[in-house]
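Let's take a tour of a protein model and see which side chains meet which. Have the sequence and the 3D view open as you read.

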Amino acid sequence: MTRFIDVHSLVRLVDETGVPEFLVTLADALRDDFLRWREFDKKARVASHSHLGVIELMPVADDGAYAFKYVNGHPHNTQVGLPTVMAFGVLAEVDTGYPVLLSELTLTTALRTAATSAMAAKALARPDARSLAIIGNGSQSEFQALAFHALLGIQQVRVFDTDPHATDKLVRHLAACTPMEIVRAGSTAEAVRGADIVTTITAYQGHATVLTPEMIEPGMHINAVGGDSPGKTELHPDVLRGARVFVEYEPQTRIEGEIQQLAPDFPVHELWRVLLGEVPGRERPEQVTVFDSVGFALEDYTALRCIRQLALERGVGRQIALVPELDDPKDLFGLTASGRRRAVLRRAA
């Protein structure tokens, strides 16, 4: 049987664990899996684009488990009462192909994105970073703030969105669940002024210039999250040219990330090499660093294996017959009404 984790089950796991603790658990597991980078069979996601958005499949595997995520990105969905991003995923045994877990990944994607952001910032930002600016206050923004508070000790968060209702929502949630100082800014420039770390996580579909060169200060770390598909970016190209840039999986980021704006030979560094100590991260305190994060399938693999472990430990979710359970694995037809009738006739004879 396959364990099924729906939205309500995932919420139970998160609530019982606590959001900050869940994020820390994910970040630790992400680091462990990034350190095993060479063990994974990796490929860029498969994307189907339309004029309104994108639907993607994100596969990855190691010797023991295979995982994939189905995910969409439709910025106009909120106008019809749907989330911009919706997702689900599967974790299966490599040896048999048997699916051991079917899970929601919409809420999980927000959690793993925030955990990945903070995990990367621990390796790239200045150790004394204490302030965070969040540009784009939609569905992932609270998780970003809580992850950076839990993993980096961020004490102040500065927030801005072109939609004031989104900022109202973010301020209300953060005020209720964190001791961080919350500063509501009137513009992107005001929000990032003096910030140690800047997260851009907007939903705009197109080549935006959320951050421009004059906004960038020495020693800043930029966590560029919102630009995650061809034709969708948030940073002015000169921001990238003036920084040391890090990515998850370079072949995918060249197509989907901020660096799609630059020449194919623009130098970038994969994060796993920094974590393994093969290349340096931040080289000096005044250097500007950018994590050009588009989301990679390995992060969903990590999230799925963490969810399965927690669900088994706590008895959360339920077992479902996603694939047939057969007395005779060669007799699939026996599941049908015709097959059952034939079996009865055989027994009667």
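## Aromatic pairs

The count here comes to seven aromatic pairs, where rings of Phe, Tyr and Trp (its six-membered ring) pair if their centres lie within 6.5 Å, and planes under 30 degrees apart count as stacked, over 60 as edge-to-face and the rest as tilted. Take F40 and Y301: their ring centres are 5.0 Å apart and their planes sit at 85°, so this pair is edge-to-face. It links distant parts of the chain, with F40 in the loop between α2 (19-34) and β2 (46-49) and Y301 in helix α10 (residues 297-314), 261 residues apart. (Helices, H or I with at least four residues, and strands, E with at least two, are DSSP runs numbered from the N terminus.) F40 is buried at a relative accessible area of 5%, and Y301 counts as buried at 5% too. Buried means under 20% relative accessible area, exposed over 50%, and partly exposed in between (1.4 Å probe, protein chains only).

Now for Y70 and F88: with ring centres 5.1 Å apart and planes at 20°, the pair is stacked. Y70 lies in strand β4 and F88 in strand β5, so the pair ties together parts that are 18 residues apart in sequence. Y70 is partly exposed at 28%, and F88 is partly exposed at 36%. There is also one aromatic cluster, formed by F34, W37, Y249, W272 and F296.

## How the model is read

This is a predicted model, in which local features need pLDDT of at least 70, side-chain atom pairs count only at pLDDT 80 or more, and totals for chains, interfaces and linings use all residues. Residues are numbered from 1 along each chain as its sequence is written, and side-chain values use heavy atoms, with hydrogens and water left out.

## Salt bridges

Side chains of opposite charge can pair when their charged atoms come close. A salt bridge is a side-chain nitrogen of Lys or Arg within 4 Å of a carboxyl oxygen of Asp or Glu, and the count by this rule is 24. One of them joins D62 and R36 at 3.3 Å, N to O. D62 is in the loop between β3 (54-61) and β4 and R36 is in the loop between α2 and β2, so the pair ties together parts 26 residues apart in sequence. D62 is buried at 11%, whereas R36 is partly exposed at 23%.

Another salt bridge, between E299 and R112, has an N to O distance of 3.2 Å.

## A look at D33

Where is D33? You'll find D33 in helix α2, and it counts as buried at 1% relative accessibility. Apart from neighbours within four places in sequence, D33 is in contact (heavy atoms within 4.5 Å) with F40, L298, Y301, T302 and R305. The C-alpha atoms of D33 and E299 are separated by 8.4 Å, though these residues are 266 apart along the chain.

M86 sits in the loop between β4 (65-73) and β5 (87-93), and it counts as partly exposed at 30% relative accessibility.
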